[in-house]
Amino acid sequence: MSYYSISAILTSAQKVPCTFDLPIPNLGFLDDNPGGDIPPHTPISLPLYLAELLAVQQLDSRPLLTLDLPASLGPRVLNALKADAKSVDLRALEVYFFEGASRVLELLEEEGVGDVVSEAFKKRAAEIADHARNARGGTSSGEGGEFLRGLDEWERGLFRAAHDSSKAVRMWMGEVKGGK
């Protein structure tokens with residue numbers, strides 16, 4: 001994570017579900033209970049940066065909280081990604097889906113989730129490359145337009161880079177052909 005990266009800062013601010021494993025005094029305001037305590041086994045949503053820090057902390061060799069799998073990585077989304085990764089609107093789930101998923105999966109040991117996310121990225125990246133090579137820049141309406149609207153921010157950056165590269169290659173080829 002880069003200190004000055006806007007996407008990293010916004011990814012860190014995304015809320016993730018957690019469960020406090022120990023009683024936490026005087027932090028009830030996190031659970032809409034100002035001045036109160038957080039009892040054990042309390043589910044709560046915290047920003048990712050705070051959840052990451054608390055998930056690795058221990059008190060008397062017991063973790064303070066357990067990070068839960070966010071809805072964007074839940075069974076319903078994973079099944080949709082397995083079935084047809086290109087049809088899932090990741091932007092509606094999380095604007096920074098892949099960045100958030102990689103940070104959450106660093107802390108969780110969920111069997112197979114990382115593989116599904118990785119395969120989905122590969123399939124979507126190939127589709128992004130196809131759209132980027134489109135002479136109109138992939139802005140066509142219909143199914144292609146829907147796919148492009150559903151890209152998360154990292155994928156949008158990938159699309160821009162692939163489109164600009166494709167455009168530069170076409171210009172270079174025109175210069176090479178014109179120079180003969």
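I looked up F121 and found it partly exposed, with a relative accessible area of 25% (buried is under 20%, exposed over 50%, partly exposed in between; 1.4 Å probe, protein chains only). The model is predicted, so I note that local features need pLDDT of at least 70 and side-chain atom pairs pLDDT 80 or more, while totals for chains, interfaces and linings use all residues. Residues are numbered from 1 along each chain as its sequence is written, and side-chain values use heavy atoms, without hydrogens and water.

Next, the rings. I searched the whole structure and got three aromatic pairs (Phe, Tyr or six-membered Trp rings with centres within 6.5 Å; planes under 30 degrees apart are stacked, over 60 edge-to-face, the rest tilted). F97 and F98 sit 5.1 Å apart by ring centres, with planes at 85 degrees, so I log the pair as edge-to-face. F98 also pairs edge-to-face with F121, at 5.3 Å centre to centre and 75 degrees between planes. Ring pairs join F97, F98, F121 and W154 in a cluster.

Then helix α1 (residues 6–13). I list A8, T11 and S12 as its buried residues. They span an arc of only 100 degrees around the axis, so they lie on the same side of α1 (arc of directions from the helix axis to the C-beta atoms). These buried residues pack against β2 (42–47), α2 (48–56) and α5 (contact: heavy atoms within 4.5 Å).

Definitions and conventions
Helices (H or I, at least four residues) and strands (E, at least two) are DSSP runs, numbered from the N terminus.
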